[in-house]
Amino acid sequence: MITASITENITYKNDKPTITLLMETDTTKEIRIVMRKNQVMKEHSAPKPIVVEIFEGEINFGVNKKELKLKKGDLIALDANVPHDLVCTEDAIVRLTLAKGDSIKRVNDVVS
């Protein structure tokens with residue numbers, strides 16, 4: 001059994017989103033992304049499918065030349081290699097589910 005909390009030990013950075021590995025299972029990596037209003041994750045893609053959940057706040061999620069306004073409770077799943085970007089419109093906590101073979105380093109590189 002593995003446990004984690006999406007709401008404990010949160011640190012907001014003023015210059016860029018905060019990326020934290022919450023847990024790793026046999027099949028996934030669960031990542032917390034904490035963003036302040038107006039912070040951006042530039043366009044990028046993942047080598048494997050992902051699921052994004054908005055736990056708190058709001059973001060504009062750009063995908064396929066569309067901008068989706070995602071708010072608390074919304075989820076979106078993307079296939080591998082789909083370009084997307086995030087713009088935080090209200091301080092947010094985002095849960096990102098990565099495939100086991102994906103890398104948290106890749107996610108950190110997006111915000112660097």
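**Before you start.** This is a predicted model: local features need pLDDT of at least 70, side-chain atom pairs count only at pLDDT 80 or more, and totals for chains, interfaces and linings use all residues. Numbering starts from 1 along each chain as its sequence is written, and side-chain values use heavy atoms, with hydrogens and water left out.

**Stop 1: strand β7.** Select residues 84–99, which are strand β7. Strands here are DSSP runs of E with at least two residues, helices are runs of H or I with at least four, and both are numbered from the N terminus. Two strands pair if DSSP finds at least two bridges between them.

- Strand β2, residues 28–35, pairs with β7 in the antiparallel sense over eight bridges. Find glutamate 30; its bridge partner in β7 is threonine 97.
- Strand β3, residues 40–44, is also antiparallel to β7, over three bridges. Here methionine 41 has leucine 86 as its bridge partner.
- Strand β4, residues 50–63, runs antiparallel to β7 and is joined to it by 12 bridges. Glutamate 58 stands opposite glutamate 90.

**Stop 2: lysine 42.** Stay in strand β3 and pick lysine 42. Beyond its neighbours within four places in sequence, lysine 42 is in contact (heavy atoms within 4.5 Å) with His84, Asp85, Asp109, Val110 and Ser112. Lysine 42 is partly exposed because its relative accessibility is 44%; buried means under 20% relative accessible area, exposed over 50%, and partly exposed in between, with a 1.4 Å probe and protein chains only.

**Stop 3: the core.** Which residues touch the most other members of the largest nonpolar core? Select Ile33, Met41, Val52, Ile59, Phe61 and Leu96, out of 25 residues. Such a core is a set of buried Ala, Val, Leu, Ile, Met, Phe, Trp, Tyr and Cys residues joined through side-chain atoms within 4.5 Å. Two or more residues come from each of β2, β4, β6 (75–78), β7 and α1 (104–111). Centre on isoleucine 33: among the residues it touches are Pro17, Met41, Ala92 and Leu96.

**Stop 4: arginine 32.** Move to arginine 32, in strand β2. Arginine 32 is buried yet has no salt bridge. A salt bridge is a side-chain nitrogen of Lys or Arg within 4 Å of a carboxyl oxygen of Asp or Glu. The nearest side chain of opposite charge, glutamate 8, is 7.8 Å away; Lys and Arg count as positive, Asp and Glu as negative, and His and the chain ends are not counted.

**Stop 5: salt bridges.** The whole structure holds nine salt bridges.
- Select glutamate 24 and lysine 100; their closest N and O atoms are 2.9 Å apart. Glutamate 24 is in strand β1 and lysine 100 in the loop between β7 and α1, so the pair ties together parts 76 residues apart in sequence.
- Glutamate 56 and lysine 72 meet at 3.3 Å, N to O. This pair links strand β4 to the loop between β5 (66–71) and β6.
- Lysine 71 and aspartate 74 meet at 3.8 Å, N to O.
- Finish with Glu30, Glu53 and Arg95, which are linked in a network of salt bridges.
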